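This briefing walks through the fold of the model shown here, beginning with the sheet and moving on to the helices and a few individual residues. Please keep the structure open while reading.

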Amino acid sequence: TIYREERMKILVIMNHDLTEEQRKSIKGEIVQIRPVNIPVSQGRDEIVGRIMKEVEYTRPDIIICQTDYEVFAKVLLYCCQTKTPLFGSLTERQVREITLPDGTVKKESTFKFSGWRRFFPLPSITKAILKEEKNENS
């Protein structure tokens, strides 16, 4: 569970809606951005730029990001610059392979939510960040 005060704003950037189990594990106001899949041929800078403008406009207390690698990289950079905690969803993938009559194999995947992973700040650098802030205020 991401324990925070109820009034905190939590920005969720995922390509799908939160599951009921994920939603229940988050305390606070949830704002969700659902980025489209970004085709290689499309203007990535424009799409990623729009998502980042939304992130900056929202000014979240926490970000949960599980999406396109380029978007994740930009969000991680934003979190480092603003010291905003960043989390990702952990899921257990269960795959079942079914051999069809024509010999092809069909895969069925089930994803089961198993918790949250903190990407930033990592516990080892949290102390350094707090120490840095203390030195700036001295």
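Two strands are taken to pair if DSSP finds at least two bridges between them. In that sense, Glu92 has Lys112 in S5 as its bridge partner. The model is a predicted one, and the points below are grouped by topic.

**The sheet**

- The sheet is open and is built from 5 strands in the order S2-S1-S3-S4-S5, with mixed pairing.
- Strand S2 (29-33) and S5 stand at the edges with a single partner strand each, so one side of each has no neighbour in the sheet.
- From one strand to the next, the twist averages 20°.

**Strand pairings**

- Strand S3 (residues 62-66) and strand S4 (residues 86-99) run parallel and are joined by 2 bridges, and within this part of the sheet Ile64 stands opposite Phe87 in S4.
- S4 and S5 run antiparallel and are joined by 14 bridges, and the bridge partner of Gly88 in S5 is Arg117.
- S4 and S5 also form a hairpin with 5 residues between them, and in the turn Gly103 has a positive phi of about 95°.

**Helices on the sheet**

- H2 packs on the sheet, where it touches strand S1 (9-14), S2 and S3, and the direction of H2 makes about 170° with that of S1.
- H3 likewise packs on the sheet, touching S1, S3, S4 and S5, and the direction of H3 makes about 160° with that of S3.

**Helix against helix**

- Two packed helices are described by the angle between their axes and the distance between the axes.
- For helix H2 (residues 44-58) and H3, the axes come within 10 Å and cross at roughly 35°, and the crossing in which H2 passes H3 is right-handed.
- On the H2 side the contact is made by Arg44, Asp45, Val48, Ile51, Met52, Val55 and Glu56, while on the H3 side Glu70, Val71, Lys74, Val75 and Tyr78 take part.
- Sorted by class, the contact of H2 with H3 has 7 nonpolar and 5 charged residues, and no polar ones.

**Aromatic pairs**

- How many aromatic pairs does a search of the whole structure find? The search finds 2 aromatic pairs, and one of them is formed by Phe72 and Phe119, which are edge-to-face at 5.3 Å centre to centre with 85° between the planes.
- Phe72 belongs to helix H3 (residues 69-82) and Phe119 to strand S5 (residues 105-120), so this pair ties together parts that are 47 residues apart in sequence.
- Phe119 has 30% relative accessibility and therefore counts as partly exposed, given that this class lies between under 20% for buried and over 50% for exposed.

**Arg118 and its surroundings**

- Arg118 has its place in strand S5, and because its relative accessibility is 34%, Arg118 counts as partly exposed.
- Which residues is Arg118 in contact with, leaving aside its neighbours within four places in sequence? Arg118 is then in contact with Pro85, Leu86 and Phe87.
- Arg118 and Gly88 are 30 residues apart in sequence, and in space they are 6.6 Å apart, C-alpha to C-alpha.

Note on methods. Residues numbered from 1 in each chain as written. Predicted model: local features only at pLDDT ≥ 70, side-chain atom pairs only at ≥ 80, totals over all residues. Heavy atoms only, no water. Phe/Tyr/Trp six-rings, centres within 6.5 Å; stacked < 30°, edge-to-face > 60°. Helix = DSSP H or I, 4+ residues; strand = E, 2+ residues; numbered from the N terminus. Buried < 20%, exposed > 50% of the residue type's maximum accessible area, 1.4 Å probe, protein only. Axes fitted to C-alpha atoms, helices over the stretch in contact; angles between N-to-C directions. Left-handed = near helix turned anticlockwise from the far one by under 90°. Contact = heavy atoms within 4.5 Å. Nonpolar A, V, L, I, M, F, W, Y, C, P; charged D, E, K, R; others polar.
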